[in-house]
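The following note is intended for a colleague who is meeting this structure for the first time.

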Amino acid sequence: MQLASMPFNEIRLEKMSRAFGALNALREISLSIKKGEFIALLGPSGCGKSTALNCIAGLLSTTGGGIFIDDKRIDQFKPEDRGFGMVFQNYALFPHMSVRKNIGFGLKMRGRPQSEIDTKVEEAIKLVRLQGHADKLPGQLSGGQQQRVAIARAIVIEPPLVLMDEPLSNLDAKLRLEMRAEIRRIHNQMKATTIYVTHDQDEALSLADRIVVLRDGQIRQVGTPHELYEKPAHLDVAEFMGFRNRFAGKVVSRDGDRATVSAGSFSVSGTVVGDLQPGASAVLAGRPDDVLLADGVTGGVPVTVEAIEYRGREYVGIARTADGVEIIFHADRAPDVGSAVNLSIDPARALVFAA
Amino acid sequence: MSVITDHEPTSLRKKLALRGIDGVTLLLLPSVIFVLAIFIYPFFYGLMLSFTPIREGGMFANYIAFFSDPYLYNTIGATLRLAVPVTLLCVAFAVPVAMRVRLMKHQRLLTTILVLPITLGTVLVAQGMLNYLGPQGWFSRTLMLLHIVDSPVKLTNNYWGVFLSLVVTVFPFTFLLTLSYVTGIDPGLEKAAATHGASAWQRFRHVMLPLLVPGLAIAFCLTFVQAFAVFPSAVLLGAPSGPTRVISIAAAQAAFEQYDFTMASAIAMIMGVVQLCIVLLVLVIRNLFYRGATSGGKG
């Protein structure tokens, strides 16, 4: 099974749009996906990521724009004529067919000779490590095994594009980690061009070559996991990347890419994203693990500790400023609940966005 | 366990629970009495009655009489010739209609229209069709007006009259059953089949149909039992002494024309056995197919 032999270079979405009545679920999504790439569509629920996937699969028609494989326009094609593979959130395995028949379904529908189906299905079963389960019905398999069948069924037809719709969301936490590694391994082996929809940034960061962050039906940012994690371009992308602490205020001074934001009774400094001049309203965002106890240092953020959780190697605390802003911080010791402490934020790690 | 027995059980429910009886089960009692009085007892009463014939010839005399008189035993064939094609047609027709209706926005409206004949009752439908399909009815007149036929189409007082009225009265029932089975199949499965290259026909043939078979078998059985018991339309729209002399007519004649209730009971028992045979046959066939969940994984 070599997808490298498929003759195409890229899949392009050109201003792909979808409206449900007056609601614009997707607004002019443009994206170019190179062959072999693993793309994650990341966003909160209702952001349009599943709509985008269904439009690409052909299960929903688009209301504007086009979908192209190289120069061939395919958005008018029926789903069965697009030749993609799809892995569904609830697996959607055919309950009356054995694992072997489920996996061979796409090949059979394409009228391939039985001998070819047998060989390819056997290879696919090996790839997803389901030897010994080939003659079982889906109902006899565990959730993780069912999802392996669904993946095998999608990739056995050697599609130009594999679509995955939150494939791990029905699995428990431990299995989710296992299957994540499994999907990565299968992708490395098969190099199947993949679009993976998820609302879990950890999944997107660990699996994808590039992440597309969607919000309100629009692309907010496209980049490698590293780019998105280190340099989110918007506040909402930053929130998705773990910047849970936010201080709204005004820029009081700027020095190079460093800005100081005054947020009521205190000031904090961070790295500017975009263009912000003194006087502009801004939000400084920081990850909890970049907010630390500032023992004996003055000039930090004075807060009252509200709760402390022990997390093994360290403590995670929730504190509140005099103005009522909640801050989540990390600490190597447990300050007393109710005590007043100073918190410091690493200015190199905190980001300042326009508000 | 000794802790429980140490305490004096206070309520009847607790006393029963200690003996392994769930008190709530007692709520079944009224319906059990009802079923016993209205169904089980009359059934066995009729069964015994059929073995105590008025005529000479021992306890099986009624049955021997039935199976030695072609005018009587031919009613089985006549009824099957009506009931089986009607049932097959209804089931075959209900599937595509249900497949379409499940995707419709105004599903409830269409369902209401289709179900209306159930509420009208068989006699009213038969009467209506007698007027509509009769020699002076609209149906023939319209066809003649359009010069499609020269003389009225004969659709009453024969096999086709009964056939049509049976389809009209039985189809809504078959349709409702089928619709519930069709909508019970996870729509994700069809989507999965489509994305993996199955055309509309292949999706039906390889995914929907195999999952529908168990439901369709039940729909067939229940529709068949209804159609087999055809009586008013066979009398009103058919030829009750000819091709549509169905088994229920034979039973009615025995009971209310010859006043031989033992013979009527015997005919009713034979009717039940024939129905049971067909139903069992269909259920045996059904067991050859997949039966189980109709969703494709965790929902």
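1. The model under review is a predicted one.

2. This helix, α3(B), covers residues 29-50, which is 22 residues.

3. Between the chains, 24 residues of chain B are in contact with 27 residues of chain A. On the side of chain B that touches chain A, α10 (187-195) and α11 (200-228) each provide at least two residues. The greatest contribution to that side is from α10(B), which gives six residues. By class, this side of chain B comprises twelve polar, nine nonpolar and three charged residues.

4. Chain A is divided into domain 1, residues 3-237, and domain 2, residues 243-354. The C-alpha centres of these two domains of chain A are 39 Å apart.

5. The largest nonpolar core has 163 residues, and those touching the most other members are A:Ala40, A:Leu41, A:Ala152, A:Leu163, B:Leu82 and B:Ile267. Helix α5 of chain B (residues 70-101) supplies the largest share of this core, twelve residues. Domain 1 and domain 2 of chain A each contribute at least three residues to this core.

6. Which residues does A:Leu41 touch, not counting residues up to four places away in sequence? They are A:Lys49, A:Ala52, A:Leu53, A:Ile195, A:Val197, A:Val212 and A:Leu214.

How values were computed: Residues are numbered from 1 along each chain as its sequence is written. Chains are lettered from A and ligands numbered from 1 in the order in which they are written. This is a predicted model: local features need pLDDT of at least 70, side-chain atom pairs count only at pLDDT 80 or more; totals for chains, interfaces and linings use all residues. Helices (H or I, at least four residues) and strands (E, at least two) are DSSP runs, numbered from the N terminus. The expected span of a helix is 1.5 Å times one less than its number of residues. Two residues are in contact if their C-beta atoms, placed from the backbone, lie within 7 Å. Ala, Val, Leu, Ile, Met, Phe, Trp, Tyr, Cys and Pro count as nonpolar, Asp, Glu, Lys and Arg as charged, and the others, Gly among them, as polar. Domain bounds come from an automatic or database domain assignment. A nonpolar core is a set of buried Ala, Val, Leu, Ile, Met, Phe, Trp, Tyr and Cys residues joined through C-beta atoms within 7 Å. A residue is buried if 20 or more other C-beta atoms lie within 10 Å of its own, exposed if 12 or fewer, and partly exposed in between; C-beta atoms are placed from the backbone.
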